[in-house]
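Work through these exercises with the model open beside you. Each task is followed by its solution.

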Amino acid sequence: MAQDYDNMGKNLWTDHAEDLSKFVLDVDDVEVLEHLDTEQQTIIAKRTDITKRIRINNQEAILHVELQLRESTDKPMWARNAQYQGYLVGKYQMPVYSNVIYFHPNAGRNDLGGYAYKQNGYEYVNRYKVIRLIAIEGQAILEKQAPGLLPFTPLMKPPAGMDLERWLQQCVDATRSTPVDQRTQADLLCAISLFGSIVHNPLFFEQRIPEGLMQESKFYQLLCEKLSERYTRETTIENTLALLERRFAVDAVRALVPALQSITDSQKLKQLHLEAAEVQNIEAFAQMLNE
């Protein structure tokens with residue numbers, strides 16, 4: 001599921017690069033010169049989310065942005081960022097403006113935005129900007145009238161004294177009235193529904209955004225397909241476990257849940273489901289999981 005938010009954010013950065021770059025840098029004099037594809041980098045374990053070559057105040061630099069739904073779990077964000085920045089500085093030999101955007105209101109509260117040490121005659125400093133959407137005044141963003149920022153407004157701080165439902169309605173209304181073509185508006189509405197549902201009831205957006213309009217978005221069909229695939233996968237896993245539990249000890253079956261859930265190949269999952277009805281013992285099924 002987190003990958004959906006990541007992909008949507010990257011797509012918005014493709015379509016609305018200047019809106020979002022100005023927001024992150026908090027500077028109006030920004031020109032996006034080039035998208036830098038980091039997919040082929042082998043020196044780092046994971047490609048960076050957003051990497052752009054920009055011109056800011058008449059000086060060229062690299063803009064680097066990581067999109068985080070929740071906390072970084074595989075390794076601390078400061079360690080990941082040191083890895084990314086080190087690579088980008090070395091490759092492009094120009095300043096790197098690095099940022100981390102946290103979507104969920106509870107995420108990033110303990111991110112200090114860097115790592116540094118000074119000992120035994122050696123010194124190292126790594127700094128990056130931490131942007132927690134919940135800390136941003138949402139009304140000020142709406143007033144910017146920058147279409148690329150609208151999908152993130154439901155995750156921002158509402159005006160003082162305004163109830164949440166009214167704020168969310170204001171965010172949707174602003175998106176529906178933004179002066180863009182219908183296809184772009186559909187993309188923005190699809191995005192605001194996806195991001196807003198991180199913390200708010202998805203029904204709120206479903207009831208206020210016509211599905212017919214959403215279907216015009218280039219993101220909509222892709223999201224529907226992914227949801228269908230995810231539902232099919234989860235159903236297959238549940239049915240496989242149910243079959244095994246009817247035939248073997250529940251504790252032994254439950255011990256295999258992590259391995260079964262780690263399988264991403266849908267064809268292998270279907271085959272395992274068939275084998276669950278015929279396998280002679282749980283040990284043989286466990287062996288199939290590792291093949």
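**Exercise 1.** At what angle do helix 5 and helix 6 pack, and how far apart are their axes?

*Solution.* This is a predicted model.
Step 1: locate helix 5 at residues 164-177 and helix 6 at residues 182-196.
Step 2: read the geometry. The two helices pack at an angle of about 165°, and their axes lie 9 Å apart.
Step 3: classify the angle. Angles over 145 degrees count as roughly antiparallel, so helix 5 is roughly antiparallel to helix 6.
Step 4: assign the hand. Helix 5 and helix 6 cross in the right-handed sense.

**Exercise 2.** Which residues make the contact of helix 5 with helix 6?

*Solution.* 
Step 1: helix 5 supplies Cys 171, Val 172, Thr 175, Arg 176 and Ser 177.
Step 2: helix 6 supplies Gln 185, Leu 188, Leu 189 and Ile 192.
Step 3: sort by class. The contact has 5 nonpolar, 3 polar and 1 charged residues.

**Exercise 3.** Work out the strand order of the open sheet and find its edges.

*Solution.* 
Step 1: the 5 strands run in the order 1-2-3-4-7, with mixed pairing.
Step 2: strand 1 (30-35) and strand 7 (129-132) are the edge strands, each pairing on one side only.
Step 3: from one strand to the next, the twist averages 30°.
Step 4: check one pair. Strand 1 joins strand 2 (residues 50-56) in the antiparallel sense over 5 bridges. There, His 35 stands opposite Lys 52 of strand 2.

Methods
Residues are numbered from 1 along each chain as its sequence is written. This is a predicted model: local features need pLDDT of at least 70, side-chain atom pairs count only at pLDDT 80 or more; totals for chains, interfaces and linings use all residues. Side-chain values use heavy atoms; hydrogens and water are left out. Two strands pair if DSSP finds at least two bridges between them. Helices (H or I, at least four residues) and strands (E, at least two) are DSSP runs, numbered from the N terminus. Axes are lines fitted to C-alpha atoms, for helices over the stretch in contact, and angles run from 0 to 180 degrees between N-to-C directions. Angles under 35 degrees count as roughly parallel, over 145 as roughly antiparallel, 65 to 115 as roughly perpendicular and the rest as oblique. A crossing is left-handed if the near helix is turned anticlockwise from the far one by less than a right angle, and right-handed if clockwise. Contact means heavy atoms within 4.5 Å. Ala, Val, Leu, Ile, Met, Phe, Trp, Tyr, Cys and Pro count as nonpolar, Asp, Glu, Lys and Arg as charged, and the others, Gly among them, as polar.
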